[in-house]
Amino acid sequence: MTDPARIDVHQHLVPPDRGRAMAERAVALGWPAPAWDVQSAIAMMDRRSIATGLLSFPAPVAAPDDPAGARAGARSVNDYTAEVVKDRPDRFGHFAVLPLPDVDAALAEAAHALDELNADGLMVLSNVGGRYLGDPDFEPLWAELDARAAVVLVHPTAPPVAPAPGLPSPLVDFPYDTARTALHLALNGVPGRYPRIKMILPHAGGFLPYAAHRFAVAARLHLDSTPEGLLSDLRRFYFDTAISAGPAALPSLLAFAAPGHVLYGSDFPMLPEEWATDFDIGLDEYPHWEPEQLHAVNRGNAELLIPRLARS
């Protein structure tokens, strides 16, 4: 049966001043334009047995060559999201967006979000203008977030390649980019150097669980790495179930992920609610759950990541 108290680690919001731009971006990517407001989000959560949704903004806040716009956009989105959470702390949490690739600005915004806005974690995109998250220039950010033991949602975005005609980028290219940035992080040693960061990969990590042992061959191209070590670093990631609780993807995810590292995600409103029904059913009706495992996925694992959400 559906868990009545799900914690949704992958839920989005669209601030009113960004609705038009978000709709235009979605259409350009071949995806339905999302509609969002607080009341419709709570109604959706009630229908889908979601107690708390951790909100994030799922798109660039400015062009990669507009650092001032990125700083202003991140601050505006984060302040707005914090107000939504302040009004309904029982129903919402907050992953604050960072204005990468400007590392100094990202550090400042992380401090503002975590120390002043009480954000539950942070969100970064899988690439920033074609720069992936294992880039050495991002090292100061990972060091600071490790010191804070931060939770970081790594949200996919379009990779720096032309989309295939007729294949929407969010459907095909986003999972690829998630796997790409995860492997880039691991090959550059980020999860191993900064083990206190809890990084969540949406959509079951894209293709990562299915192809992890294939990807581990990449370690043989690096003198300071081994396939076993690379696999260990890849299993440090957390994974959510958004658009991924299907009869082929779910067994692969559960076979690969470390115990306690699978979390519930909806991807609302980027995934229309009516499209999500089969994935929720797939999660509820999966026939091979161990005792208490489904509750851990729906809620328990998220409580360990974000203790303020734990119920007494």
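Q: What does I200 touch, leaving out residues up to four places away in sequence?
A: This is a predicted model. In it, I200 touches V9, F95, V151, V152, L153, V154, Y238, D240, L263 and L305, with residues up to four places away in sequence not counted.

Q: Which residues touch the most other members of the largest nonpolar core?
A: They are W142, L145, M199, I200, L208 and F237, in a core of 92 residues.

Q: OK, what about the sheet? In what order do the strands come?
A: The order is β1-β2-β3-β4-β7-β8-β9-β10. These eight strands form an open sheet, and their pairing is parallel.

Q: Which are the edge strands?
A: The edges are β1, residues 6-12, and β10, residues 262-263. Each of them pairs on one side only.

Q: How many bridges link β7 and β8?
A: Three, in the parallel sense, between β7 (residues 151-155) and β8 (residues 198-201).

Q: How many bridges join β9 to β10?
A: Two, and these strands run parallel as well. The bridge partner of D240 in β10 is L263. Both D240 and L263 are among the contacts of I200.

Q: Is L305 buried or exposed?
A: L305 counts as buried because its relative accessibility is 12%, and buried means under 20%.

Q: What does L305 touch, again not counting residues up to four places away in sequence?
A: L305 touches V151, K198, I200, Y238 and L263. As for distance, L305 and D120 are 185 residues apart in sequence, yet their C-alpha atoms are 9.4 Å apart in space.

Q: Where does helix α13 bend?
A: The helix spans residues 293-305 and bends by about 50° at R299.

Q: Which residues of α13 are buried?
A: L294, V297, N298, R299, G300, N301, A302, E303 and L305. So R299, where the bend is placed, is on the buried list.

Q: Changing topic: how much space lies in the largest pocket?
A: About 480 Å³. The pocket is lined by 25 residues, and the closest to its centre are L171, P175, H203, I243 and S244.

Q: Which helices each supply at least two residues of that lining?
A: They are α1 (19-28), α6 (169-187), α8 (202-205), α9 (208-215) and α11 (249-256). The largest share comes from α6, with four residues.

Q: How many cavities of 30 Å³ or more are there?
A: The count comes to one. The volume of the largest cavity is about 60 Å³. It is lined by 13 residues, and T241, I243, G265, F279 and D280 lie nearest its centre.

Q: Now the backbone. Which residues does a cis peptide bond with an omega of about 20° join?
A: L100 and P101. P101 is in the loop between β3 (92-97) and α4 (103-116).

Q: And where omega is about -5°?
A: There the cis peptide bond joins F268 and P269. P269 is placed in the loop between β10 and α12 (273-284).

Q: What is phi of N118 near?
A: Phi is near 60°, a positive value in a residue other than glycine. N118 is in the loop between α4 and β4 (121-125). The residue is classed as exposed because its relative accessible area is 57%, and exposed means over 50%.

Q: Where is A204, which has phi near 60° too?
A: A204 is in helix α8. Its phi is likewise a positive value in a residue other than glycine.

Q: Is A204 buried or exposed?
A: A204 is buried, with a relative accessible area of 5%.

How values were computed
Residues are numbered from 1 along each chain as its sequence is written. This is a predicted model: local features need pLDDT of at least 70, side-chain atom pairs count only at pLDDT 80 or more; totals for chains, interfaces and linings use all residues. Side-chain values use heavy atoms; hydrogens and water are left out. The bend at a residue is the angle between axes fitted to the seven residues ending there and the seven starting there. Buried means under 20% relative accessible area, exposed over 50%, partly exposed in between (1.4 Å probe, protein chains only). Two strands pair if DSSP finds at least two bridges between them. A nonpolar core is a set of buried Ala, Val, Leu, Ile, Met, Phe, Trp, Tyr and Cys residues joined through side-chain atoms within 4.5 Å. Contact means heavy atoms within 4.5 Å. On a 1 Å grid over the protein atoms alone, a cavity is a set of points where a 1.4 Å probe fits but cannot get out, and a pocket is an open set with protein on both sides within 12 Å along at least five of seven lines; lining residues have an atom within 4 Å of a point. Grid points are joined across faces, edges and corners, and a volume is the space filled by probe spheres set on the points.
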